[in-house]
Structures are given as structure tokens and as C-alpha cells.
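Visitor: I would like to know what stands behind the labels used for this model. Please set each label against its cut-off.

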Amino acid sequence: MTVHNAHKGGRPFVMSCSPRPGGNSDKAALLFAQGAGDIAVDFLRRYRVEPCVSCYRCKHDPKRACYLTDMDHSGRLFQEMLTAPYLFLSSPIYYYHVPAQLKAWIDRSQCHYLRKLDGDESMRALPRRKAYVSLLAGRKHGDKLFEGSLLTLKYFLDVFNFEMQEPLLFKGIDESGDLEADVSGSAQLIELGRAAAAEHAPAAIPVEERRG
């Protein structure tokens, strides 16, 4: 598989990881994208991701290849992660963790983790980048409501050399439309997108240089 790294170009990767269309995780991703300049939003539920079966084939394959890659869309998703200058993930919380499809995608990154351990050049060449995360829970209480998900996401993202920034965490966001009714939370997501886009905007060329 040919790998194109982020420093050679790529688009911001904004993904809602909820299985429910039109829910609060979708809204969170759309608000972030709005702040970032109406960039494209993708939805994990549109992709087929086979769960890891712990077969260890990637461990013994010389290229650390996962045989399931030819059976689903995981390769396309990982390619987006390899090329993105920054990314944003939004997800609901199910039983104190992320939904099954997102966890399946995370588990399938094992082959990339092994390549990184091997010192694979395509992984070593990845620049350090920022990842933005928003998690939304229907429960209104729970001191450790997000703890497990954040730890998992931190190390998943680190495989691709993303550093997770301070996450936006919402409690009591359950019914469709709850986030939209949260004016402050919605504004925070828009501002986060705006700040991310501004930080990654190309530097302006001085007038003198433009004139040659």
C-alpha cells in the first residue's frame, strides 16, 4: 500500500463516530467543521470495519499487513489519518466507553502500531499533529464517565503521531437536539474548529515576496 504522509498534503479529517444519524455526535462534528470553515464531515457508520480477530497475522507478516484490510474500508480510514494535518472525532458514550464500531476501528490499528515499533519509514515520517475530541454522554453524573474512552483514544491517536488536545466533554446530552439546545457547548465546538483551522492556515506571503 502506498502511504502519503501529512506533510505532503492532506485534508482535515472530521469524523462523527455515532451509529445514530442526525444525533448529537453528528451535530458536534458539524459545529466543529462550521468553525473550521465548513470543511467536510464524515460518518463512521458509512464504513464497514471488521473487528480484529486476534489472529496475529499482522505480527508475522513481513509488511505487518492485516488480511482484513481487503475485506472492509479500514484502509481508507487509516489513510485519512496518515495524511490529515489535524483531526476531530466526536462520539457518544455507551456503558462508559465508545461505541462498538469505533472500538473495532481502534483495535484494527494494531498493524500500524507494529509498523511504528518496527521503525517503518512511513510511520516515522509522520509529523506531530493535533487531534481534537468531543465525547457526549447521556448520563448527567459519573466522575469516571469519560476516563476509559479518553485513555483508549489517547493511545490510538498516538500510533499515528497525533497528540490529543483538551477534550470537550458533555454530560446529559442524550436526545437528538440536546447539543443544539446547549448554546454554550455549541459555541465551544465552533470556536474549537475556528482555532484549529487558524493554527493550521498557510502562512501569509509578505507583499515584497509576492512581487518578486
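Predicted model: local features only at pLDDT ≥ 70, side-chain atom pairs only at ≥ 80, totals over all residues.

Visitor: How does the reach of α9 compare with what is expected at 1.5 Å a residue?

Guide: From first C-alpha to last, the 17 residues of α9 reach 24 Å, close to the expected 24 Å. The expected value is 1.5 Å times one less than the number of residues.

Visitor: What makes E191 and R194 a salt bridge?

Guide: The cut-off is 4 Å between a side-chain nitrogen of Lys or Arg and a carboxyl oxygen of Asp or Glu. The side chains of E191 and R194 meet at 2.8 Å, N to O, so the pair qualifies as a salt bridge. Both residues are in helix α9 (residues 183-199), three residues apart, which means a separation of about one helical turn.

Visitor: Are E191 and R194 buried, exposed or partly exposed?

Guide: The relative accessible area is 40% for E191 and 43% for R194. Buried means under 20% and exposed means over 50%, so a value in between is called partly exposed. E191 is therefore partly exposed, and R194 is partly exposed too.

Visitor: Which residues do salt bridges that share partners join into one network?

Guide: K116, R128 and D158 are joined in that way. In total, the structure holds 11 salt bridges.

Visitor: Why does the pair of E180 and K27 tie together parts of the chain that are apart in sequence?

Guide: E180 and K27 form a salt bridge whose closest N and O atoms are 3.8 Å apart; the limit is 4 Å, so the pair counts. E180 belongs to helix α8 (residues 178-181) and K27 to helix α1, so the bridge ties together parts 153 residues apart in sequence. E180 has 52% relative accessibility and therefore counts as exposed, whereas K27, at 25%, is partly exposed.

Visitor: How do you know that E50 and R48 form a salt bridge?

Guide: Their closest N and O atoms are 2.7 Å apart, and the limit is 4 Å, so the label applies. E50 is partly exposed with a relative accessible area of 22%, and R48 is partly exposed with 46%.

Visitor: Why is the aromatic pair of F32 and Y86 called edge-to-face?

Guide: The planes of F32 and Y86 stand at 65° and the ring centres are 6.4 Å apart. F32 and Y86 are both buried.

Visitor: What makes F156 and F160 an edge-to-face pair?

Guide: The angle between their planes is 80° and the distance is 6.0 Å, centre to centre; the limits are over 60 degrees and within 6.5 Å, so the label holds. F156 has 3% relative accessibility and so counts as buried; F160, at 0%, is buried as well. Ring pairs link F13, F78, W105, F156 and F160 into a cluster. The structure holds nine aromatic pairs.

Visitor: What makes N161 buried?

Guide: The relative accessible area of N161 is 17%; buried means under 20%, so the label follows. N161 lies in the loop between α7 (147-159) and β5 (162-164). Leaving aside residues up to four places away in sequence, N161 touches K116, L126, P127, R128 and R129.

Visitor: Why is helix α3 called largely enclosed by the rest of the structure?

Guide: In helix α3 (residues 74-83), nine of the 10 residues are buried, so the helix is largely enclosed. Among them are L77, F78, M81 and L82.

Key:
Residues numbered from 1 in each chain as written. Heavy atoms only, no water. Phe/Tyr/Trp six-rings, centres within 6.5 Å; stacked < 30°, edge-to-face > 60°. Buried < 20%, exposed > 50% of the residue type's maximum accessible area, 1.4 Å probe, protein only. Helix = DSSP H or I, 4+ residues; strand = E, 2+ residues; numbered from the N terminus. Contact = heavy atoms within 4.5 Å.
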